[in-house]
Every structure is written in structure tokens, then in C-alpha cells.
Amino acid sequence: MAISDSLQVTKTRITAACVAAGRAPDSVSLLVVSKTFPGSAVREAFAAGARAFGENYVQEGLAKAQELADLPIEWHLIGPLQSNKTRPVAEAFAWVHSVDRLKVAQRLSEQRPAEMPPLNICLQVNISGEASKSGLLPAEVAALAHQVAALPRVTLRGLMAVPEPGPGALAQHRVMAALFEALKAEGLALDTLSLGMSADLEDAIQAGSTMVRVGSAIFGAR
Ligand SMILES: *Cc1c(COP(=O)(O)O)cnc(C)c1O
């Protein structure tokens, strides 16, 4: 299927999931995950209307951002970020979804160029509890959220997670939504729950996701 067609299919899935959940279709945005796919594929998705793209690997994302500098793309980093790689990320990306340490957030805030708008940040939560996954434990989220919200050159937008596929997935999506609501109830002005991928975007939207991150359903298998 052409990228423009699979992009349309994905948008239709999102709309259908919103309708099924009794939510407004424009309450969920689409982040197109382009990791491992070439700049030419990003260009095709851009021509079909996509504007926000997610990359997992810092070097690959930076290279693509440079190659596609003629396009007004909003780049999101969704993969792990080490504190010694924060500077180029602060200079090239609009969002980082994978912050799970204060040190990384502090460096991003210090290194965000003054002439750019604040960097948008989500805290990554290890919602499945798998040892192999990065992210904060749910009990650690509130303390870091308040610290990050106080930094000057970043804007804390919300939370991100990758629930473990399987029968327990919907429950994990719902725990993420509850965490997100609890932070808002503590007075944090958050608007982004980054949850749901190609295989589970319907569960995520049912639970309350506001941004789904979709790669293989649009570009094909990696
Ligand atoms: C790869 C990746 C995605 C997209 O996954 P698909 O299954 O290809 O849709 C979303 N989020 C993160 C963090 C990823 O690493």
C-alpha cells in the first residue's frame, strides 16, 4: 500500500476509535514514527499531510532532520536519551517523550537555544514493570513531574509509555490515564498522554490517549 493510503487508513482507525470511545476525533493527534525508514519515506508522508515525526535514535533523527531541513517538520524524540547527547537534541527537536531523569531534563533546559520555543517534554513511565524497559516507576512520576515543570526552557506536556502487548494491555493503558489525571489534579497543566502504537492504538484511545505514535502501520514492517 502507498504511504498516503496507509496514512489515511491510520487516520480512519483513530477517528473510529474516538467515536467508539465517545471522544472528539480531534482529541487525538498522530505522531508518525519514521525510525529505520529513509528520508524519502518521510517526504512522502509529509506530502500526504503528516507534520509530526518520531525518531528513536538520536543520530538517525538528527541526520533526517538535516536532510529534510527544507520541510517544516516537528521532530519528536521517542527513544532513550543519554545525558551526554542532550545538546544536539535540544537544538533540533521540538519534543522529547523519553525523559526519566532530572539530570537529562536539566541539561535539555540549559541547552535549549534562547531563540527557540521551550522544548516539549513527556516523562516516560515503565508501566509494564519489565526490567528491560526504560522509564520511571509510577510511584516516582509525581516528584519528577514537579521538578521538570519548574525548569525554565522546557514545557512539561505529559506522560509517555509503551504497555506490554497481551491481555493486560488495556489495564496498563488505563493506569497511565489515571496517573495522567492524578498529576493534573495536583495542579500540573498537562495536555499530552503519549500512548498507543500500530498494534494497540484503539486500546490507548479508549483509555484516554491524546497522541498515538504509529510507525509500521504507515511505513510497513521494519
Ligand atoms: C517504534 C516505536 C513506536 C512505533 O511502533 P509501531 O509498532 O511501528 O507503530 C512507537 N513508540 C515507540 C517508543 C517506539 O519505539
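Strands here are DSSP runs of E with at least two residues, and they are numbered from the N terminus. Keep in mind that this is a predicted model.

**Exercise 1. Find the place of Glu55, then decide whether Glu55 is buried or exposed.**

Solution. 
- Start with the strand: Glu55 belongs to β2, which covers residues 52-55.
- Next, check the accessibility. Buried means under 20% relative accessible area, and Glu55 has 0%, so Glu55 counts as buried.
- Now look for a polar partner: the side chain of Glu55 makes a polar contact of 2.6 Å with the side chain of Ser34.
- Finally, look at the surroundings. Setting aside neighbours within four places in sequence, the contacts of Glu55 include Lys35, Lys64, Trp75 and His76.

**Exercise 2. Work out which residues of helix α3 are buried and how they are arranged around the axis.**

Solution. 
- Helix α3 spans residues 58-67, and its buried residues are Val58, Gly61, Leu62, Lys64 and Ala65.
- Looking down the axis of α3, you find these buried residues within an arc of 165 degrees, so they line one face of the helix.
- As for the packing, the buried residues of α3 rest against α2, β2, β3 (74-77) and α4 (86-92).

**Exercise 3. Compare the span of helix α7 with the expected value, then say what covers its buried residues.**

Solution. 
- Helix α7 runs over residues 169-185, which is 17 residues.
- From first C-alpha to last, α7 reaches 25 Å, close to the 24 Å expected at 1.5 Å a residue.
- The buried residues of α7 are Ala169, Gln172, His173, Met176, Ala177, Leu179, Phe180 and Leu183.
- These residues take up an arc of only 155 degrees around the axis, which puts them on the same side of α7.
- Their cover includes β5 (119-125), α6 (141-149), β6 (154-161), β7 (192-194) and α8 (201-207).
- Just past the end of α7, Gly187 has a positive phi of about 100 degrees.

**Exercise 4. Describe the setting of Val148 in helix α6.**

Solution. 
- Val148 sits in α6, and its relative accessible area of 0% makes it buried.
- Not counting residues up to four places away in sequence, Val148 touches Ala105, Ile121, Leu123, Val154 and Leu156.
- Ser109 is 39 residues from Val148 along the chain, yet their C-alpha atoms are separated by 9.1 Å.

**Exercise 5. Which side chains have an N or O atom 2.8 Å or 2.5 Å from an oxygen atom of the ligand?**

Solution. 
- Begin with the residues around the ligand, among them Val33, Lys35, Ile78, Met197 and Arg222.
- The 2.8 Å distance belongs to the side chain of Asn56, and the 2.5 Å distance to that of Ser198.
- A nitrogen atom of the ligand also lies 2.9 Å from an N or O atom in the side chain of Arg213.
- Taken alone, the ligand exposes 390 Å², and the protein buries 89% of that.

**Exercise 6. Locate Thr36 and describe its phi angle.**

Solution. 
- Thr36 is in the loop between β1 (29-33) and α2 (39-47).
- Although Thr36 is not a glycine, its phi is positive, at about 75 degrees.
- With a relative accessible area of 47%, Thr36 is partly exposed.

Technical notes: Residues are numbered from 1 along each chain as its sequence is written. This is a predicted model: local features need pLDDT of at least 70, side-chain atom pairs count only at pLDDT 80 or more; totals for chains, interfaces and linings use all residues. Side-chain values use heavy atoms; hydrogens and water are left out. Helices (H or I, at least four residues) and strands (E, at least two) are DSSP runs, numbered from the N terminus. The expected span of a helix is 1.5 Å times one less than its number of residues. Buried means under 20% relative accessible area, exposed over 50%, partly exposed in between (1.4 Å probe, protein chains only). The arc is that of the directions from the helix axis to the C-beta atoms. Contact means heavy atoms within 4.5 Å. A residue is near a molecule or strand if one of its heavy atoms lies within 4 Å of it. A polar contact is a pair of N or O atoms within 3.5 Å; within protein, one must be able to donate a hydrogen and the other to accept it, and residues adjacent in sequence count only if both atoms are side-chain atoms. Accessible areas come from the Shrake-Rupley method with a 1.4 Å probe; for residues, only the protein chains shown count as cover.
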